[in-house]
Structure formats: C-alpha cells, structure tokens
There are 2 protein chains.
Amino acid sequence: MTASSSRQKIITAARRTFYERGYEDTSFADLAEVSGVPKGNFYYHFKSKAELLATVLRARVESVEGALQSWSTSIPMPQERLRRFVRMLTSEKEDLVRFGCPMGSLLMELGKKRQPELHEQARTLLDIYVGWAAGQFTELGQKPKASRILAERLLSRCQGVVLIAHAYGDTQLLNREVRDIEQWLAGFVC
Amino acid sequence: MTASSSRQKIITAARRTFYERGYEDTSFADLAEVSGVPKGNFYYHFKSKAELLATVLRARVESVEGALQSWSTSIPMPQERLRRFVRMLTSEKEDLVRFGCPMGSLLMELGKKRQPELHEQARTLLDIYVGWAAGQFTELGQKPKASRILAERLLSRCQGVVLIAHAYGDTQLLNREVRDIEQWLAGFVC
DNA sequence: GTCTATATTATGATAGAC
DNA sequence: GTCTATCATAATATAGAC
C-alpha cells in the first residue's frame, strides 16, 4: 500500500466522520477503525489532529471550487446555476437531515474553538460559496454591493433551512423550504 | 453558602460556558473556575455531566417560556409580538455574533451525539419557539397548517442569519438581515 | 453540604522495531 | 512507510474526611 493511499484513506475517513460526529468527538481510534489504517501511522502523515482537520478543510475547499467551476462552464444561465446550487439541498437530503450541513457544522464547532485559524479556514469555504453566488447575481444584472447581500442572504437561508430540517429530522420540511427559496430566487430572473 | 446557592452557581456557569465553548469542550474544571465551586461538589448536585446539561436545557426552556408568555400579555398585537421576537436578534447581537445562537449551537452539537435524548431536549426549545410563532400567525388569520409552515420558516431564517453573521463576525450583516426578515413579516400584517 | 485526594479511562502523541 | 507498544495528560467520576 503506497503512502498516498494510506494518507488518502485517512483523509476520506476523517472527512466523513468529522461530519457525522463532529471534529472533537472523533478520535484517532475511531478513524483507525473506519479507515483501516492503524492509528500509530497517523503521525507519519499528519503532525497533529489539527493538521488533519486543516487537510480535510482544504479537501472540502477543492471539492467545492471544482463543483462551482464545472457549473460555470456546463450551465450557461446564471439563474440555472443558482437553482442547481439550491437543488444540492434536496439531492443530498438524507445526509443533511441526519447530520446537518457539513460546512455549517464545522463553522459552528470551530467558531467555539480557542484556535481562530481553524475557524478562518472553515470560513474560507463559506466565502467561496458567497463569492460564487454573488458573481451569479451580478451576471443577473445586480450591482456588486447588492449581489453580495443577496449571496449572503441565499447562504443564510440555506443554512437555516438545513439546521431546522436537521433538528426535526424532517425531509419534507427541507423539500418544501427549498421550493420557497427557489421561488424567492425566481424573483431576480426577469 | 446554601445548597441551592452552589447548585445555582453551577447552573449559571454551565449555561454560559456551554454556550461560549460548547458542551463537550467545557470541563468540570472550567466550570469550577467560572463558578467558584470546587469540582468535587458537582457530583453532589448532579449525578453526571449529562444531567447538568439536561438541567441547563430545562432552565433555558423555562426562560423562553417565561419570555414568550410575558410578551403574550404585555404586547396586544401578534404582529408586534413577532417583531419583538425578531428584535431579540439585534438586542443580543454582541453575543450572537461572537458565539452564535445558544439554541442553534446546542441543536447542532447534540444532534451529533450518541445520546438521542439530549438532542430531543434541545429540540424542545425549538418546538416552544415554533409553536408560539405559529400561534401568532394563526391570530393573524393564517390557517393552522400555514401558520406552522410560516413559523418554521421564521425560525429557519433567524437561525440562518445568526449562523452567517457569526461566521463572518459581522454585526452589520445581522442588523441588515433582521430588517429583511421584518419586512417579510410585514407582508402578513395587512 | 463542602472540600481534597484519588481512581479510572480515553485521548493525542511518541518511540522504536521492522 | 508500516505497525505495536507505550507515554503523558486531561477528563469524568468516586471516596472519604470534615
């Protein structure tokens, strides 16, 4: 087994388990079990648990950047791109209802940590979404300042919906509120 | 120092510190420091840390019920009561921007715990707000089912706004989005 | 009821053989 | 690079004197 393979197994397991149980409640013993890599090896690949988290956050950033860029090339109309973004909530509904939003969970948990650099890295994720959404609103004819506000409002609404749907474990609520956000978005199309 | 005094000091310290640092990251040593009560005493008043958390959650439930009931008697118009509710976000803005929403934080953290009864207790808090808000919408002439949906939407929007404002540490964003929610609410008045 | 001292366990992290 | 064994620490929880 190559080095990068073990390293990748750890990252994959951490990404999923940090999401499901939270960062603090996930031990290296847990990750060893999930990944199949003995926990002693972890310190060959990462110098600390915080560094593993930073790596997971970078991996999430790259995933998100990749998805958003691919939409920008494959979907011509900005309003369709925004719909595609909101539709993520329904296509991922099982996980979102069970575990909440991966980004939102990290933002909340890391926002309470003593190390502010971890919170900053989680905020990078949010910034990518907000910056991208603002770009779509600008293409729809909104001024830069208004675009930023609308983007923050869109992310805010998505986060709120997922949080409540997760609290109630209610998939229907999620579906219904996604439709409401889509209707709100439709007001900016014409 | 009476028994109830020590007990109350622990609850007060726990309520605040669980909010600021999260439940899991708050140790009895931390609470001993904050409350001034030696940590050995904690197990005289509470049989476990989980029981202390349950007590804190009950205290929050009582606070919320008290506030909502007092509004129902002191504020005659339901639309004014809903405004009062949303205005909480601005009157508590310093804490909300620094630490997020106390209820939202607990919902997220406890939603990832193995003990589902803790998550249920946190959801009780949410249920109280949602039930109360639904009652206000009903008084405004909405049908019961629509009232429930609007109440969930209101809580969802508030939670989302606080989460994003907290992530960015942005008080202005909070103020602005609160105004937007108030405008949305105003649509149901006439 | 209050406090000190301590047991117990889990975790992040390290040492060193292979 | 991989794996086992182990350290050091911090946390929950308990025992028992006062």
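Why are B:Arg16 and B:Glu20 separated by about one helical turn? They sit four residues apart in helix α1 of chain B, so about one helical turn lies between them. Helices here are DSSP runs of H or I with at least four residues, numbered from the N terminus. The two residues form a salt bridge, with the closest N and O atoms 2.6 Å apart; the term means a side-chain nitrogen of Lys or Arg within 4 Å of a carboxyl oxygen of Asp or Glu. Side chains of opposite charge can pair when their charged atoms come close.

A word on the ground rules. This is a predicted model, where local features need pLDDT of at least 70 and side-chain atom pairs count only at pLDDT 80 or more, while totals for chains, interfaces and linings use all residues. Residues are numbered from 1 along each chain as its sequence is written, and side-chain values use heavy atoms, with hydrogens and water left out.

Over all chains, the structure holds 34 salt bridges, and eight are counted between chain B and chain A. Here are two examples:

| Salt bridge | Closest N and O atoms |
|---|---|
| B:Arg16 with B:Glu20 | 2.6 Å |
| B:Glu152 with A:Arg176 | 2.9 Å |

Now the interface. Chain B puts 39 residues into the contact and chain A puts in 39 residues, contact meaning heavy atoms within 4.5 Å. About 3,600 Å² is buried between the chains, and carbon and sulfur atoms give 55% of that; buried area is the accessible area (1.4 Å probe) that two parts lose on being put together, summed over both. In chain B, the most area is lost by B:Met108, B:Lys112 and B:Tyr168, together 20% of what that side buries.

And the cavities? A search of the whole structure finds three of 30 Å³ or more. On a 1 Å grid over the protein atoms alone, a cavity is a set of points where a 1.4 Å probe fits but cannot get out, and lining residues have an atom within 4 Å of a point. The largest share, four residues, comes from α7(A).

Conventions
Chains lettered and ligands numbered in written order. 1 Å grid on protein atoms, 1.4 Å probe; cavity = no way out; pocket = protein on both sides within 12 Å on 5 of 7 lines; lining within 4 Å. Points joined across faces, edges and corners; volume = space filled by probe spheres on them. Helix = DSSP H or I, 4+ residues; strand = E, 2+ residues; numbered from the N terminus.
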